[in-house]
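Biologist: Could you take a close look at how the helices pack against each other here? I'd like the geometry and the residues that make the contacts.

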Amino acid sequence: MPNFRGADAMREHMLEGNLISLLEAILIFGVQSPTAEIGRMKRDGFSIKSRRVPMTKILVRANKFVQCKPPVELPHKEILMTEYWIER
């Protein structure tokens, strides 16, 4: 049985047309260095696009797979994070 690699799962997730953030890559796929994996994908010829979005959007998306609740005092609607996707 082949070993599970979070980086491979993250790549497949993105190839299926899904968006991903660094937070999701770590929480859902266990990728220890998402930035390095995105860099590898770029070097492999994928056109990776990004945009800044409110943290709330990423938390809503992540909560479909894991339970992630920010501290009450955290202004997650105002914090911007980056989400990535593969441009086709």
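Modeller: The crossing of α2 and α4 is right-handed, meaning that the near helix is turned clockwise from the far one by less than a right angle. Bear in mind that this is a predicted model, where local features need pLDDT of at least 70, side-chain atom pairs count only at pLDDT 80 or more, and totals for chains, interfaces and linings use all residues. Numbering runs from 1 along each chain as its sequence is written, and side-chain values use heavy atoms, leaving out hydrogens and water.

Helices here are DSSP runs (H or I, at least four residues), numbered from the N terminus. α2 covers residues 22-29 and α4 covers residues 55-62; they pack at about 20 degrees with axes 10 Å apart. Those axes are lines fitted to C-alpha atoms over the stretch in contact, with angles from 0 to 180 degrees between N-to-C directions. So α2 is roughly parallel to α4 (under 35 degrees). L23, E24 and I28 of α2 touch I58, L59, R61 and A62 of α4, contact being heavy atoms within 4.5 Å. That set splits into five nonpolar, no polar and two charged residues (nonpolar: Ala, Val, Leu, Ile, Met, Phe, Trp, Tyr, Cys and Pro; charged: Asp, Glu, Lys and Arg; polar: the others, Gly among them).

Now the other pair: α1 (residues 6-15) and α3 (residues 34-43) cross at roughly 60 degrees, their axes coming within 11 Å. On the α1 side you've got A7, M10, R11 and M14, meeting P34, E37, I38, R40 and M41 in α3. By class, the contact of α1 with α3 has six nonpolar, no polar and three charged residues.

Methods: Helix = DSSP H or I, 4+ residues; strand = E, 2+ residues; numbered from the N terminus. Parallel < 35°, antiparallel > 145°, perpendicular 65-115°, else oblique.
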